[in-house]
Structure formats: structure tokens, C-alpha cells
Amino acid sequence: PTSAQVSVVPHSGRFCYTLDNDLLSTEQRQFYEDNGYLLIKKLVSDEDIERFRKEFTRICKREVKPPGVMIMKDESLRSQFGQSEKVVNKVQDFQEDEELFRYCTLPEVLKYVECFTGPNIMAMHTMLINKLPDSDKQTFLHPMHQDLHYFPFRPASRIVCAWTAMERAHQDNGCLVVQPGTHKTALKPHGYPEWEGKTNKLFHGLLDEDEKIPKVHLVMEKGDTVFFHPLLIHGSGINRTSGFRKSISCHFASSECHYIDVKNTTQEHLEKEMEEMVRKKYNATSVELKDIWNFRARLVQGERINL
């Protein structure tokens, strides 16, 4: 089922996860409160998606090299396909690529984002995912996780992810899988799952997954966009088709959010891993997690306050 098919019984009481606005109906707000996600049909136009697809191809072919972009590849396929989209699983941190960054500034997306963050909006983390055909190795199965594990800023309720399907996403090509209502739980310990030879760098997952919590597969058409809370437990399956499953996403946060110190928390080991990666990539002597996020963050609406 998708959000449109689940019956919602509105009940009175204060909304914790959405702000008062003229856009969302009471039923939509209540659905997000109860489930931690909200699916909006056909939000992004085919024309925009086509432009993002073309820019993704140009980045894969190295026709453009935006600063700061991290291109994640399946190196085992490079000898077969060379520099092409057939080896690229993800383009991350595209905030300096003006064409892809347009996604984060689309008025139709931002008007929904504002319902969660308020008027001062930062784009914090950007990704274009190209889920490769992968029936054998399961290399790009993303384990169930909470995105807040990656973020050293709070409060969680003023952070939201916008995730747009660039083509039809369904169970066979590895659509998003969510566990409704888990956004009300605390941040859980994450780490690399014990899959022999099947883990990707920074693809952390829950160390203790509760299999009893029901899962919902979000079947989405091209242009459909889901907004979800950073504590919602979610992941994606493997792509059993011969095609690619593309999506584009951005984690937005209120610029009034503040950085926290993750030392002596479940996020500390991630901090060390990210700092080490950035030191190697940029040959830097010292780098702090806050510096990394300051570099990634970009204002899209309103005023830059803390982040």
C-alpha cells in the first residue's frame, strides 16, 4: 500500500512533526505524524527529470566535473563498461552542480519542505541514485537504516528528505522500503551488516533490526516524491531487472538546527570514518565533521542562521 491507500483517522492533538501550513490537509499531516512519510504523486515534471538524467550522464562521462561531487562506482564493472553510467551507483554531494542542484530549489518541492522545516531551508545532503542491475551479488542492497545516523545536527523533527522517482520504482527494481511509525523511536546503533563481500562504503545498517515491524514497499511512478523523517527506518531492495532505477533526493533542514558533538554516541565511529575519507580525498591534515557538513550545506530559501 501507498499513503493514498491507507485509511487515516484524524484525531485531535498537537502535531509534532509538521508545522502549521496552508498546503497539507489535516489528513496528510496526520498520516505523516503516524507513519513518518508522505507520498505526493507527480510532483516533479518529466521535463525536469529528463534534464537531471542528462546531467547525470554528463557527470558519468566526465564531461563536467563539479567540485565536491562524490561518484560511487562498482569498480568490478569498469573494465567492461569504462566511464559510463553503467558503473555509477550514486552521485553524491552535487550541491555545486547548478543543473542537478535545481532539484533542491524547485518551488513545487520547497513548498512541501517548508511544512516540515519552516521558511529558512538548507539543502544538507544531495544524491542521485542509479541502482544498478544486481540480481547475483546484491552489492547495492541498502540495509534498513535511519538517516539521522549520518547527521550531526538536530532537532530531528526539522529535517526532512525529499526523494523523487526518476522512473517507475517497484519491488523488482529495488524501490524504497519503509517501516511506518518508526520515526517515533530513538536513533539506534548502526554499523556494517555481516554480509560477506556485499557491503558498500558508508552503507551502514541497523545492528539490531526488528523483523516483526511491518514493511511497506513504496511503489512510485516517475515524478512521484516521498517526504520522510530522518528517524524513519527504511532501505531498498536489490534491482532484479536489466534496467537502472534512478532517483534524486535531498535532505533539507531548517537553518535554525544546530550542530551537536557526536563523541561518546552511537555516531562516533561514523564521524571517524567520514573524517578519514575526506582527509584521504583532499589530502587534508585535519578535518572535523562540522567542516564536512558546512561544505555540503547550501542555503535554498530564507536566511542562513546556524547550519
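1. Two strands count as paired if DSSP finds at least two bridges between them. Strand 8 (residues 176-178) and strand 11 meet that condition with two bridges, and they run antiparallel. Within this pairing, V177 stands opposite H217 in strand 11. The model is a predicted one, and the points below should be read with that in mind.

2. On the overall make-up: the protein has seven helices and 16 strands. Of its 307 residues, 56% are buried. The accessible surface comes to about 13,800 Å², and carbon and sulfur atoms hold 49% of that surface. Among contacts with a separation of 6 or more, 81% are between residues 24 or more positions apart.

3. Strand 3 deserves a separate look. Strand 2 (residues 70-73) is joined to strand 3 by four bridges, and the two run antiparallel. K73 has V88 as its bridge partner in strand 3. Strand 3 also pairs with strand 4 (residues 121-131), again in the antiparallel sense, over three bridges. Here the bridge partner of Q92 is M127 in strand 4. Five of the five residues of strand 3 (residues 88-92) are buried, so this strand is largely enclosed by the rest of the structure.

4. H204 sits in the loop between strand 9 (190-191) and strand 10 (205-206). Neighbours within four places in sequence aside, the contacts of H204 include H142, H145, H149, H190 and H269. P143, Y150, G191, Y192, L270 and E273 are also in contact with H204.

5. Nine aromatic pairs are found in the whole structure. One of them is F31 with Y37: the ring centres are 5.2 Å apart and the planes stand at 90°, so the pair is edge-to-face. Both partners count as buried, F31 at 2% relative accessibility and Y37 at 1%.

6. Y32 and F116 make another pair, with ring centres 4.5 Å apart and planes at 50°, so the pair is tilted. Y32 lies in helix 1 (residues 26-35) and F116 in helix 5 (residues 107-117), so the pair ties together parts that are 84 residues apart in sequence. Y32 and F116 are both buried. The two belong to one aromatic cluster, formed by Y32, Y112, F116 and F227.

7. Two arginines are placed over aromatic rings. R296 lies over the face of W293, at 4.5 Å from the ring centre. R298 lies over the face of F101, and here the distance from the ring centre is 4.1 Å.

Notes: Residues numbered from 1 in each chain as written. Predicted model: local features only at pLDDT ≥ 70, side-chain atom pairs only at ≥ 80, totals over all residues. Heavy atoms only, no water. Contact = heavy atoms within 4.5 Å. Buried < 20%, exposed > 50% of the residue type's maximum accessible area, 1.4 Å probe, protein only. Areas by Shrake-Rupley, 256 points an atom, 1.4 Å probe, with all protein chains shown as cover. Phe/Tyr/Trp six-rings, centres within 6.5 Å; stacked < 30°, edge-to-face > 60°. Lys NZ or Arg CZ within 6 Å of the ring centre and 35° of its normal.
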